[in-house]
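Have a look at the protein chain shown here before reading on. The notes after it walk through a few of its features, one part at a time.

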Amino acid sequence: MLRPTALRAALAVLALLAPFSLPAGAAPDQQVVDAAPETLASLTFGGSRSESIVDLGLDAAGNLYVLGWTTSPDFPVLNAAQPSFGSKPTEGGLAPGDAFVTSLTPDGRTMRYSTFIGGSGNEDPAAIAVTPAGVVYVAGTTDSPDFPVTTAGGSFLGTAPRGETDGFLAALGPNGALLASGYFGGAKSDNIRALALAPDGGLVMAGETHSLDFPVLRAFQPTHGGGGADAFVAMADAGLRGLRFSSFLGGDDRDGASAALVGPDGAIYVGGGTGSRNFPVQDAFQPGLPERARMASFVAGLQADGSALRFGTYLGGAPTAESVNDLSIDTGGDLLAAIRVYQT
């Protein structure tokens, strides 16, 4: 669902914190109430209406990249690929929102570039991924009929919308120039909620699709699972030049992916939520959905080329709903999942 536009006059707020460490002698599980990390820099930026920050990225030089959403036509831009606000007022007189990407120097004090990304409808940005060299990938959902597209990317990127909402992808160069962009989805509603970079520069994307004709390629699950929505996972070449694979991931109820990660060996991991009792599991830590659960979290691992599942498992299953929001690998090689539990 796209972001509502009722809030007014909210600025994006960003704080840069020093590395955090526990006081000497404190155990890792000890409650520490007086060890707040040092604030290195804090700033607010935005226009005359509403802004929110949704994701952050860093390049090898320490430059900071901020992905967010704005309803402000006067949002600050600099060296912009799209210098003008794209959204147009609706019947109520309020314009929906555009995505924005702003790059700051490592100390957070100087803007390198800042640009809108969006068409006349609403953009719901969700994820950013930044290469060491400063190439930026952003993704989310759009209902704009005129989202800014290029012909520089692969043919898998649509130049016109196909559904009620479509996923969008865009790549920006180190100086903020638009390298490639387009729609990605089928005839119904689709959204991209997570991005992850592979060691070879490939880009993994994951999200949710309601489209039976969602574009698949070399898929380990080539057909929709039958519920209202399936998760999907796909991988594009560096620069969005082509699609390596794309697959459904789901069962006969609602499924959606909201986290993605690529391991050092190239293995792909996705996480999200599922209400399907036949979600594809393999070598599962938890092979089933608890009887009273409405939606459980899931984590799945794929081969680096996307050809097959390495494992798939449910996690948890509260009477309300759960979903994996983030994935990470610790220094010991263990996969960590951050789970959000929804209250009703």
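What follows starts with the whole chain and then turns to selected strands, rings and a pocket.

## The chain as a whole

Please keep in mind that this is a predicted model. The chain contains 20 strands and zero helices. Of its 344 residues, 52% count as buried.

Contacts across the sequence are worth a look too. Among contacts in the chain with a separation of 6 or more, 63% join residues 24 or more positions apart.

## Two hairpins

Let us begin with strand β9 (residues 166-172), which pairs with β10 in the antiparallel sense over six bridges. Within this pairing, F168 stands opposite Y183 of β10. Five residues lie between the two strands of the hairpin, and G176 has a positive phi near 90 degrees. How enclosed is β10 by the rest of the structure? Five of the seven residues of β10 are buried, so this strand is largely enclosed.

The other hairpin is made by β17 and β18, with six residues between them. Here G306, in the turn, has a positive phi of about 75 degrees. Strand β17 (residues 296-302) pairs with β18 in the antiparallel sense, again through bridges, and there are six of them. L302 has L309 of β18 as its bridge partner. As for burial, six of the seven residues of β18 (residues 309-315) are buried, so β18 is largely enclosed by the rest of the structure.

## Aromatic rings

How many aromatic pairs does the structure hold? There are 16 aromatic pairs. One of them joins F184 and F232 in an edge-to-face arrangement, with 6.3 Å from centre to centre and 70 degrees between the planes. F184 belongs to strand β10 (residues 178-184) and F232 to strand β13 (residues 230-236), so this pair ties together parts that are 48 residues apart in sequence.

Elsewhere, ring pairs link F45, F75, F85, F100 and F116 into a cluster.

## A look around T102

T102 is found in strand β5 (residues 98-104). With a relative accessible area of 1%, T102 falls under the 20% cut-off and is therefore buried. What does the side chain of T102 make a polar contact with? The partner is the side chain of S114, at 2.8 Å.

Leaving aside residues up to four places away in sequence, T102 touches F45, L64, Y65, V66, F75, M111, Y113 and S114. Two of these neighbours, F45 and F75, also belong to the ring cluster described above.

## The second largest pocket

The second largest pocket holds about 250 Å³ of space. Its lining is made up of 16 residues, and D55, I128, L195, A260 and D326 are the closest to its centre.

Which strands each supply at least two residues of this lining? They are β3 (51-58), β7 (123-130), β11 (190-197), β15 (255-262) and β19 (321-329).

Definitions and conventions
Residues numbered from 1 in each chain as written. Predicted model: local features only at pLDDT ≥ 70, side-chain atom pairs only at ≥ 80, totals over all residues. Heavy atoms only, no water. Helix = DSSP H or I, 4+ residues; strand = E, 2+ residues; numbered from the N terminus. Buried < 20%, exposed > 50% of the residue type's maximum accessible area, 1.4 Å probe, protein only. Polar contact = N/O pair within 3.5 Å; in protein donor to acceptor, adjacent residues only side chain to side chain. Contact = heavy atoms within 4.5 Å. Pairing = 2+ DSSP bridges. Phe/Tyr/Trp six-rings, centres within 6.5 Å; stacked < 30°, edge-to-face > 60°. 1 Å grid on protein atoms, 1.4 Å probe; cavity = no way out; pocket = protein on both sides within 12 Å on 5 of 7 lines; lining within 4 Å. Points joined across faces, edges and corners; volume = space filled by probe spheres on them.
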